[in-house]
Amino acid sequence: MADHTATGFRGVFVTGTDTGVGKTVVAGALARLWAAAGLSTGVMKPIATGGVKAPRGYVSLDARFLVAVSGSHDPPELANPICLEAPVAPTAAARAAAVALDLGRVAEAFEVLRRRHQVMVVEGIGGLLVPIGGGFFVADLAARMALPLIVVARPGLGTINHTLLTLDVARRRGLAVAAVVINGYRADEAGLAERTNPEEIERAGGVPVGAVAPWDERTGVEAGRLGDLVIAALAPLAQALAAGRPVRPWTGRT
Ligand SMILES: Nc1ncnc2c1ncn2[C@@H]1O[C@H](COP(=O)(O)OP(=O)(O)OP(=O)(O)O)[C@@H](O)[C@H]1O
Ligand SMILES: [Mg+2]
């Protein structure tokens, strides 16, 4: 099978400004859209913590969600090579479990999936400067995978600073950023900060806000559900990326 699309698009590494911002939801929606568009799509949560006890070890609900919504048939150990119990940073969770973080396993699983699929959707853990052992950070993992970043950010006050910090780290490390995605937007509760943040981020960050995904009651990672509102919000971004078209800035659309 070809290992890239006609446009040379190879997928994305989905990071975020923080934990809990919606990386899994956004990654899942992009994977679902690309799979539905007929692209062979691989998903990966390379390192997970806060795993749920299973008959053999621990399983990642993030990985399970990504596999389910994308319709992946890859074995769980490829989609999620490392899963630890404690819901903390990987280095701390590995110390608590008295195990080593085997980044070689992550690299091997990624290679297998990358060869198998046209497009990869990889979800990071926490944000770019989460330590993953051996002096490495999530940013190093993204660099090694050579996939452009999607930076998922919260809609409200404080998100400009967190997003620009993330973009700054990406830039310093030579990581390409495809787009920022604001997730969990509630139109009924949106104040001036929520309404102006996309434009402010684009102006100060020099990166397009490729989508503003609404809060969607029918979406839930734990329940394995991806609502139509989130999927619809991400569809134009998914189409532009797969077609190799520039991502349209949000400014002017609202
Ligand atoms: N747009 C949305 N609408 C409804 N629920 C959402 C939305 N985005 C995220 N959630 C919910 O918010 C929670 C956090 O989202 P998610 O798990 O995607 O964040 P994350 O950045 O992947 O977190 P982690 O750092 O733990 O991997 C989940 O329970 C998820 O179902
Ligand atoms: Mg997640």
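Biologist: Quick one on threonine 15: does it count as buried or exposed, and at what relative accessibility?
Modeller: Threonine 15 counts as buried, at 1% relative accessibility. Buried means under 20% relative accessible area, exposed means over 50%, and partly exposed is in between, with a 1.4 Å probe and protein chains only.

Biologist: What sort of model is this?
Modeller: It is a predicted model, where local features need pLDDT of at least 70 and side-chain atom pairs count only at pLDDT 80 or more, while totals for chains, interfaces and linings use all residues. Residues are numbered from 1 along each chain as its sequence is written, chains are lettered from A and ligands numbered from 1 in the order in which they are written, and side-chain values use heavy atoms, leaving out hydrogens and water.

Biologist: Back to threonine 15. Where does it lie?
Modeller: In strand 1, residues 11-16. Strands (E, at least two residues) and helices (H or I, at least four) are DSSP runs, numbered from the N terminus.

Biologist: And which residues is threonine 15 in contact with, leaving aside neighbours within four places in sequence?
Modeller: Contact means heavy atoms within 4.5 Å. On that basis, threonine 15 touches Lys23, Gly126, Gly127, Leu128, Leu149, Ile150, Val151 and Val152.

Biologist: Are aspartate 62 and glutamate 123 buried or exposed?
Modeller: Both are buried.

Biologist: Now ligand 1. Which of the residues around it come nearest?
Modeller: Thr19, Lys23, Thr24, Asn183 and Asp216, out of 19 residues around ligand 1. A residue is near a molecule or strand if one of its heavy atoms lies within 4 Å of it.

Biologist: What polar side-chain atom lies 3.1 Å from an oxygen atom of ligand 1?
Modeller: One of glutamate 123. For glutamate 222, a polar side-chain atom lies 2.9 Å from an oxygen atom of ligand 1. Asparagine 183 has a side-chain N or O atom 2.8 Å from a nitrogen atom of ligand 1. A polar contact is a pair of N or O atoms within 3.5 Å; within protein, one must be able to donate a hydrogen and the other to accept it, and residues adjacent in sequence count only if both atoms are side-chain atoms.

Biologist: Switching to helix 5. Which residues in it are buried?
Modeller: Val106, Ala107, Ala109, Phe110 and Leu113. Seen down the axis of helix 5, the buried residues fall within an arc of 165°, so they line one face. The arc is that of the directions from the helix axis to the C-beta atoms.

Biologist: Which residues are exposed on the other side of helix 5?
Modeller: Glu108 and Arg115.

Biologist: What caps the N-terminal end of helix 5?
Modeller: Aspartate 102, with a side-chain oxygen 3.1 Å from the backbone nitrogen of glycine 104.

Biologist: Last one. How many residues apart in sequence are leucine 39 and valine 119?
Modeller: 80, yet they are 6.8 Å apart in space, C-alpha to C-alpha. Leucine 39 lies in the loop between helix 1 (23-36) and strand 2.
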